[in-house]
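This report describes the helices, strands and chain contacts of one structure. Please keep the sequence and the 3D view at hand while reading.

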Amino acid sequence: MYENLETAENPDNLKRVVIDPVSRVEGHGKVTLLLDENNKVKQARLHIVEFRGFERFIQGRPYWELPVLVQRLCGICPVSHHLAAAKAIDQLVGVDPENLPPAADKLRRLLHFGQVMQSHSLHFFHLSSPDLLFGFESDISKRHILAVLEAHPDIGLQGVKLRKFGQEVIRMVSGKRIHGTGAIAGGMNKALTKAERDYLKADVEQMITWADAAVALIKKVHCSNLPYYDDFGTIATNYLSLNKPNGALELYHGGIRVKDPQGKTLLEGFDYCDYNKIIHEEVRPWTYMKFPYLTDIGKEDGWYRVGPLARINNCDFIDTPLAEKARVEFKQHGGGQAMVHSTLAFHWTRLIEVLHCAESIKQLLDDPDILDSSNLVAQGEKRFSGVGVIEAPRGTLFHHYEVDDNDIVTKANLIVSTTSNNMGMNESVRQVAAEYLSGQELTEPLLNNLEVAIRAYDPCLSCATHAVGKMPLQVELVNAEGDLINKVMKHSDGQLEKLI
Amino acid sequence: MANKIRVATTSLGGCFGCHMSFLDIDERILELAEVAEFDRSPLTDIEHCTNSDIGLIEGGVCNSENVHVLREFRKNCKIIVAVGACSINGGLPAMRNHIPLEECLNESYRDGIGVENAQIPNDPELPLLLDKVHPIHEIVKVDYYLPGCPPSADVFWKFLTDLIAGQEPSLPYDLVHYD
């Protein structure tokens, strides 16, 4: 596709343009472009610039600390890290997923539906809706949630409250909205009380209605901007996800399914404990984020995308009625093609999942098992290695730990969701750079297009590098001799100031 | 509009949880929007801090870019607030402080499970990592500290509404948590 734009042949003779930081994403990244004298893009890269070193510094800690330690990888999807680690340490105490007490299994699912619902709502309403409602090249002073709340108060407030509900589900199950404690090795530390359950039940119908309206909104936005929304940043790729054994959409536990760009199933029901047999990660020197790929296909073509688009593409159906109806409409829009490759369709599929979460939360709140505190923890025979995999909001998340005789962690490997989308994001950046920007004089609104493509993936760059932060936007133009000839600074009012 | 309090926010070496907790003020964000506006923040596309009243800093200082951003905030914000465990004392990322940085990098990029093309990323585009993670008060003067991992939404709310009302912020005992 656009791999030829990863590394330019003669970088010394090209001018460099940088977007730094990529804004309205969670975490810390920047984009660099190298252009020739005609502004043709010769190289485009998304760099992840920070590093935290979790895999090393959790070594030496006792395994039971892991769920509360590693959730601090990310304040946006802490529950996903909490539960992936919990699933891994379940195995360390000899408990396989099917042996988890039903109450614990359902409470964890409830917790995770709350997580996916709040993260997706945050991403759509707080971070991406300014682009989608005001336009990709709209006035910079409008591109934030407060402007959305002013211009579209109903939509904005529904978004705030959808996120709030997801956070409240998390708080009821784990005690705190962010970095709570719920899962322990082999189960959960408490059930819901009737009062907690009733508190959530009071609002859940309203959430389903609003989530349904949000799906209608993104469908309208998508379909009223065709073919642009179908083509922008779009790349045909493999997709990886967990699925239920019956092929349904799954967010908590299942086997690995991989489909190729034509929709052919390459892997089905694969046991994720053997993930290392099918996925390796390549290091490239210009970014701290690694590049995972399927070993059977190889480094060149074995990369894949994960997340809402992958899950909706890969699943055969969704087991809640409104979300399934929304999925069918989404696939119909794809004109009967087996796979939808539109990168902006990530938004659409993300909101279908919000609806699925709201419906699933309602079902679980009606299940008496979540109130059953009589059997919350299972026990088994100690093991020395545990792998926990979950469908985090941004995609399949792998945690792998090994311990010694004293239950001390000796090895850790994390493949976070955003890392699996590394190649996809880079390819989408290159597609937009090559198809929409190349040859033009670059302005701030044009550069926002690159960020729109990245934002579609909802990258969590704090997860990805086990790092986070922010940096200024500054564009530098360097002539063919390597001299700085033009330096532009983007100011708070959106004005570009020429510094040189 | 011109009289609104300008609030800038950033996340250095943190997890974004403090920003999420700030957003946990939920619909109170509408009340806040009546009296305050955002300057540079992950929530806006403003990428440089300019003449702000309050600067909220999440995260510790892990690399050279964090130092640069933190100094930019100190220069442009009247009040700097260390938000959460990482900015106050380095927090969880500071667990790497007792391990040589090289060992941490080797674990991820050389000796990790399933790592191919093993090498330590070293491109000039990547900012220099510091050998230790530092709390922000070691780099700049800090005016207030909000404890917690993360501080709760009510902590943000009480602190900001006190400050915006022109009174010395104070947290009631039940809002002070360190977890």
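How many of the 15 residues of α3(A) are buried?

## Basis of the report

This is a predicted model, in which local features need pLDDT of at least 70, side-chain atom pairs count only at pLDDT 80 or more, and totals for chains, interfaces and linings use all residues. Residues are numbered from 1 along each chain as its sequence is written, while chains are lettered from A and ligands numbered from 1 in the order in which they are written.

Helices (H or I, at least four residues) and strands (E, at least two) are DSSP runs, numbered from the N terminus. To the opening question, the reply is that 15 of the 15 residues of α3(A) are buried, so this helix is largely enclosed by the rest of the structure. A residue is called buried if 20 or more other C-beta atoms lie within 10 Å of its own, exposed if 12 or fewer, and partly exposed in between, with C-beta atoms placed from the backbone. Helix α3 of chain A covers residues 78–92, and its 15 residues should span 21 Å at 1.5 Å a residue; its end C-alpha atoms are 21 Å apart, which agrees. The expected span is 1.5 Å times one less than the number of residues in the helix. After α3(A) comes A:G94, with a positive phi near 80°.

A:G439 follows α14(A) and has a positive phi, near 90°.

## Packing of α4 and α12

Helix α4 (residues 102–134) and helix α12 (residues 345–365), both of chain A, pack at an angle of about 145°, and their axes are 9 Å apart. Axes are lines fitted to C-alpha atoms, for helices over the stretch in contact, and angles run from 0 to 180 degrees between N-to-C directions. The contact of α4(A) with α12(A) involves twelve nonpolar, seven polar and four charged residues. Here Ala, Val, Leu, Ile, Met, Phe, Trp, Tyr, Cys and Pro count as nonpolar, Asp, Glu, Lys and Arg as charged, and the others, Gly among them, as polar.

## Strands of chain A

Two strands pair if DSSP finds at least two bridges between them. Strand β2 (residues 29–35) of chain A has six of its seven residues buried, so it is largely enclosed by the rest of the structure. Strand β1 (residues 15–19) of chain A pairs with β2(A) in the antiparallel sense over five bridges, and A:V17 stands opposite A:L33. Seven bridges join β2(A) to β3(A) (residues 41–48), again in an antiparallel arrangement. These two strands, β2(A) and β3(A), form a hairpin with five residues between them, and A:N39 in the turn has a positive phi of about 65°.

An open sheet of three strands in chain A has the order β12-β13-β14, with antiparallel pairing. Its edge strands are β12 (385–392) and β14 (409–415) of chain A, each pairing on one side only.

## Contact with chain B

In all, 61 residues of chain A are in contact with 62 residues of chain B, contact meaning C-beta atoms, placed from the backbone, within 7 Å. The largest share of the side of chain A that touches chain B comes from α6(A), with five residues.

Terms used
Contact = placed C-beta atoms within 7 Å.
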